[in-house]
Structures are given as structure tokens and as C-alpha cells.
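Here is a friendly set of notes to read with the model open beside you. Take the points in order and find each residue as you go.

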Amino acid sequence: MAEENNTMVRKTPIFDIYDYVTKLEEQVRLLQTEKNLIKSKNSQMEIEFQKIRKELEEMRKPPLIVGTIQEVINDTAIVKNSNGLEFLVEFEKKQEGIKAGSKVAMTQRSLKVVKLLPETKDPRAKAMEIIEKPDESFETIGGLKKEITELEEAVTLPLTSPEKFEKLGIEAPSGVLLFGETGTGKTLLAKAIANKTNSTFIKITASELVRKYIGEGAELVRDVFKLAEEKKPSIIFIDELDAIGTTRTDDTSGGDREVQRTLMQLLSEMDGFRKRKNIAIIAATNRIDVIDSALLRPGRFDRMVEVPLPDVNEREEIFAIHSALMSLQNVNLRELAELTESSSGAEIKAICMEAGILALREETDFISQEHFIQAIEKVIGKEEEENEDKMFS
Ligand SMILES: Nc1ncnc2c1ncn2[C@@H]1O[C@H](COP(=O)(O)OP(=O)(O)OP(=O)(O)O)[C@@H](O)[C@H]1O
Ligand SMILES: [Mg+2]
């Protein structure tokens, strides 16, 4: 048996073994390369894994809270959050440029200041429309004669000659509330009176104040009164007053509290307002039915002026105003006024513009009665469709 084995070994040629070893070595090298490849892939995966894990951790973190610095005291600061609560907080690391009024981001649990937010340009400018002297004059208003007179009494005199009231020992009217349907000319009236009295027109829209500038409503109200003082004579115009001035309910959900704080600020500004001279305050609403009676008390909006839809004569006047610069041919404004019962001034303006566009499309040089009649159908027809949609939705 042993002999047999010996003969077998002896039978295997040397070069065969050599060949075999070379092959094995080749295989080892191949496997080595593969191992290296897998190793490098593995470390790549590890990096990827860490990255995703970090991302996941970031995602799991609660959002940061935004607050306004009230005061910096050494390594701490007093911060007010949007609910009006004040906290004494620490900095994660001291940030350059943090001062009273800076907006910062804080962690939810520990309220550590982690970020200084960039300053908004002029926070007052974004929420207000400021016109040094509006272009709209009384001549651009059709009808509303009685309303103009009422406004003049309540606004012009106290604005331009407050001393007359002082001399007589009577108090000037405080605020005027314009109410009426949409498009009847409330904003137009307020602008025209600013034009007449050479006043700065400062407009804020109450609904935006509470919806867009959450947490800043009350502060913005304060800013408006401050700005009015700087720019006097000035008229503060608060549009859509109902958005903050609705009868208060007991519901104190977050949104409501915001509205209430804004309203409270307005009331307190108005109460301190009597002493201010050369500033008038006008508000507008188309929901007089829901206005809080606290706003209508003496010293606040104690003058109410209804701005009604125009009657036929007034509609004719409004047609004349808005078509004054148009090239008309055989246009009977009286007939147009008769065809537009219960249309507002804004609708009449839209009709005039539409008639112009129709003529443009037909490439005619003049605007005819037919253009106007088609425009009325288009503008009023659209309104009716919208109303029907509202009724069925
Ligand atoms: N009596 C009017 N005379 C001339 N133009 C008018 C008249 N009423 C409204 N208009 C036109 O319609 C436009 C819109 O009117 P305005 O914005 O003053 O209405 P409003 O009563 O403030 O409406 P809203 O309640 O929707 O704010 C005005 O810019 C003006 O061009
Ligand atoms: Mg308006």
C-alpha cells in the first residue's frame, strides 16, 4: 500500500505542483482584492449610515421656538415668546449682535438660545400701506355727498384745527367707522380725506394683522400709532375692523387670544388717543352687525357713517368719472345707470374697464353703448354666477 502511494507521488510531475500553487496564489490575490473592495464598500456604507442616522435625529428633534429678546443680562437674556410669556434663558454659545429686540430661535425643552434670526427690514413697513398724500380726491368720488360732509365734520376739523374744539371746551370726535357693502367706496373716501387734509395715509388691514403677523398684532397696532405721531397730520385707516373687533366670546383658543390682544391694544391706544392732535382714525367694515360694542363707545369709534350702494343718479356720476378719459361714441350714461341697479362703485369701475377691453379686442377707435352693455352682462353676470355658487356650496 505504502509502496503504491510512493509511486503516485513520484508519478506527479514537478511542474504540475508549481502550476497548482501559482493558481492558488492567483486565487488568494483575487480574494484579497475582493475583500478590500468589500471593506471599502463597508466603510462607505458606514458613512452613509451615520449620515442618515444624523438626519433622522434632526428630524426627530422638536421644532425650535421663536422669541424676541427683551433684555440681555450677562450670559442670560429675558425672552418673550409669541404667547407673551417671558423666560430667562441661556445661550448655547454667545452669539454676536444679540440685543433687545433681536429675534432668536430656542430649543423647546431647555429654551436655550441656539440661533440669532436675521432682522426683518422694517417690520412696520411690511404690514402697513403708507401714502404720503393719496392721489384720490373728492372729485373722483361719485355721489356720497352726505357721507363726505359727515366725514369732513368728524375728521377734517379735528385734524386741521384742533384748537377750535379746545377753545369751545368740547371734545373732538375720536374715530369714524365707515360701514357698508364691499366696493361702495369706503377706502376711497378715507384716501380722499387724507388728500384733502394733506395728511399721511397709514393703512393697516385688521385681518392681515391677526392672520399674517401672528404674535405681532398688538405690537403693530402700537407701531401704527407711533408712526402716525411721527408723520402727522396723518390718518390711520383700519380696514376690515371686524377681523379684530368682533364681539368677544368666551372661547380662548390660541387664535382668539391673539385677536383679543390686538383688540385690547387698539382700545388702549384709542383711549390714550384723545390727547393726540392732528391724527385722525378711520376704520371700515362690511360686517357692522358683529362689531364689539366696546369699540363703539364714546372716545372710540363714536361716529358711524354708512356708505350705501349708489342710487341711479349716483351711478350715472360714477360712470361719468370712470369713463371720463375714454373715447366714447354715442354712449348714454343714464341708460347704463338704469341698467345697473344695485351695482357698487367698484362694479361700475369694472364695467368701464371691461367695455374698454371689448373695444380693444374689436380694434375699434371708440367705445360704444353696445360695448358697455356687453360689459355689464359680463361683470354682473359673473357676480350672479358666483353668488349662486356660494348658495349651492
Ligand atoms: N362712489 C364711488 N365713486 C367712484 N368710484 C368708486 C366709488 N365707489 C367705489 N369706487 C371705485 O371702486 C374702487 C373700490 O372701492 P373701495 O376700495 O373704496 O371700496 P370699499 O368700500 O373700500 O370696499 P371693501 O369693503 O371691499 O374694502 C375704488 O378704487 C373706486 O375706483
Ligand atoms: Mg376697502
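1. Some ground rules come first. This is a predicted model, in which local features need pLDDT of at least 70, side-chain atom pairs count only at pLDDT 80 or more, and totals for chains, interfaces and linings use all residues. Residues are numbered from 1 along each chain as its sequence is written, while chains are lettered from A and ligands numbered from 1 in the order in which they are written.

2. Start at ligand 1, which 19 residues surround (C-beta atom, placed from the backbone, within 6 Å of the ligand). The closest are Thr-182, Gly-185, Lys-186, Thr-187 and Gly-345. By type, the shell has 8 nonpolar, 9 polar and 2 charged residues; Gly counts as polar here.

3. Which helices each supply at least two residues of that shell? They are H6 (186–196), H10 (312–322) and H12 (345–362), helices being DSSP runs (H or I) of at least four residues, numbered from the N terminus. Domain 3 (124–306) and domain 4 (312–392) each give the shell at least three residues, with bounds from an automatic or database domain assignment.

4. Now look at helix H2 (residues 14–60). At 1.5 Å a residue, its 47 residues should span 69 Å, and its end C-alpha atoms are 68 Å apart, which agrees; the expected span is 1.5 Å times one less than the number of residues. The number of its residues that are buried is 0, so H2 lies largely in the open (buried means 20 or more other C-beta atoms within 10 Å of a residue's own, all placed from the backbone).

5. Finish with Asn-195, in helix H6. Asn-195 is buried, because 20 other C-beta atoms lie within 10 Å. Pro-134 is 61 residues away along the chain, yet the two C-alpha atoms are separated by 5.3 Å. Leaving aside neighbours within four places in sequence, Asn-195 is in contact with Lys-133, Pro-134, Asp-135, Glu-136 and Ser-137 (C-beta atoms, placed from the backbone, within 7 Å).

How values were computed. Buried ≥ 20, exposed ≤ 12 C-beta atoms within 10 Å, placed from the backbone. Contact = placed C-beta atoms within 7 Å.
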